[in-house]
Amino acid sequence: MRGEIMNKKKFIFSTAMAMILVVFGFFTYSCHAQAVNSKKYVQESIPTIFFHGYGSSYQAETQMTGAAKEAGVTRTIVRINVSPNGYAKMIGSIPKKAKNPIVEVNYDDNKMLNYHTAGLWAKNVIKVLQKDYKFKKVNLVGHSMGNMAINYYILDNYSNKKLPKINKVVDIAGHFDGIIDEDDEPGRISLDKNGKPTPMNQYYQELLKFRKIYPTNTRVLNIFGDKNDGTHSDGAVTNASSQSLRYLVSGRAKSYREKKIVGKMAAHSKLHENKQVDRILINFLWKK
């Protein structure tokens, strides 16, 4: 009996030690992998802020932000919540020496359609972030309506020197010159050789000011989807509406690039869940 008890104790001890070694080994491997991957990416204090689309939330950003963290881009992801009155509140905190920190923005009023107000809320996000974390440059990523929050933030604050310089912008599924079934339809917009659209809706006409004021040190990546169903759209936004961004910024931005995603995962609300988009975004924002 005593021998059986001793054998059981030895078995339990051996099993426990084996589990500890496995966990330790996995932890060591993960840390090593992240350290190796960090050599692929810039190690900067520049935060990257993600803005979601209409009727959505920060959860639409988690696929992209999680992919960046898993790749070893950063160890820091925090959230800023914006109440219906525009009050921005930090959830979490960014360490002083954090590298490539990521901020997920959540608008409580996610169906607000005033673009100037959306831009003001984006400004509130950046200002509350400045109180928590010191930075001189910022990256901005938007999906759908989130692009308009970014663009109207730039439009209404381009001369404000107290705000950080915009380093890079990623526009995903942007409806710069209209939305299908609202003020656009497949085949309606034509683009000339410079990307100038005809016709232009009222919001695009407001954004024409970009041709004179868009920040010249900003690199822009425009990602849009084509479901490959003959509509030349992502189901909600025509490619022409998305590509009309080129005419607004290409004469001012430090660089402008486009990337068309094709297939079922190129649908409007699938683009922020698309692993191809994750890779393109990570390489554009952080790859050395």
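Mentor: A residue is called buried when its relative accessible area is under 20%. The model here is predicted, and that cut-off is applied to its coordinates.

Trainee: Which residues of H4 are buried?

Mentor: They are Met145, Gly146, Asn147, Met148, Ala149, Ile150, Asn151, Tyr152, Tyr153, Ile154, Leu155 and Asn157. That makes twelve of the 13 residues in H4, hence the description of the helix as mostly covered.

Trainee: Why is Asn151 called buried?

Mentor: Asn151 belongs to helix H4. Its relative accessible area is 1%, and the limit is under 20%, so Asn151 is buried.

Trainee: What is Asn151 in contact with, leaving aside neighbours within four places in sequence?

Mentor: Asn151 is in contact with Asp171, Phe176, Leu207 and Phe210. Contact here requires heavy atoms within 4.5 Å.

Trainee: How do you know what span to expect for helix H4?

Mentor: H4 covers residues 145-157, which is 13 residues. The expected span is 1.5 Å times one less than the number of residues, so H4 should span 18 Å. The C-alpha atoms at its ends are 18 Å apart, and the two values therefore agree.

Trainee: What makes Phe51 and Tyr107 an aromatic pair, and of which kind?

Mentor: The search of the whole structure gives six aromatic pairs. For Phe51 and Tyr107 the ring centres are 6.4 Å apart and the planes make an angle of 70°. Pairing needs centres within 6.5 Å, and an angle over 60 degrees counts as edge-to-face, so this pair is edge-to-face. Phe51 sits in strand S1 (residues 48-51) and Tyr107 in strand S4 (residues 102-107), 56 residues apart, and the pair thus links distant parts of the chain. Both residues are buried. Ring pairs also bring in Trp121, giving a cluster of Phe51, Tyr107 and Trp121.

Trainee: Which residues line the largest cavity?

Mentor: The lining consists of His52, Gly53, Tyr54, Tyr107, Asp109, Asn110, Lys111, Met112, Ala118 and Met145. The volume of the largest cavity is about 60 Å³, and the count of cavities of 30 Å³ or more is three.

Trainee: How does that lining divide by residue type?

Mentor: It has five nonpolar, three polar and two charged residues.

Trainee: How many helices and strands does the protein have?

Mentor: There are nine helices and ten strands. Of the 288 residues, 50% are buried.

Note on methods: Residues are numbered from 1 along each chain as its sequence is written. This is a predicted model: local features need pLDDT of at least 70, side-chain atom pairs count only at pLDDT 80 or more; totals for chains, interfaces and linings use all residues. Side-chain values use heavy atoms; hydrogens and water are left out. Helices (H or I, at least four residues) and strands (E, at least two) are DSSP runs, numbered from the N terminus. Buried means under 20% relative accessible area, exposed over 50%, partly exposed in between (1.4 Å probe, protein chains only). On a 1 Å grid over the protein atoms alone, a cavity is a set of points where a 1.4 Å probe fits but cannot get out, and a pocket is an open set with protein on both sides within 12 Å along at least five of seven lines; lining residues have an atom within 4 Å of a point. Grid points are joined across faces, edges and corners, and a volume is the space filled by probe spheres set on the points. Ala, Val, Leu, Ile, Met, Phe, Trp, Tyr, Cys and Pro count as nonpolar, Asp, Glu, Lys and Arg as charged, and the others, Gly among them, as polar. Rings of Phe, Tyr and Trp (its six-membered ring) pair if their centres lie within 6.5 Å; planes under 30 degrees apart count as stacked, over 60 as edge-to-face and the rest as tilted.
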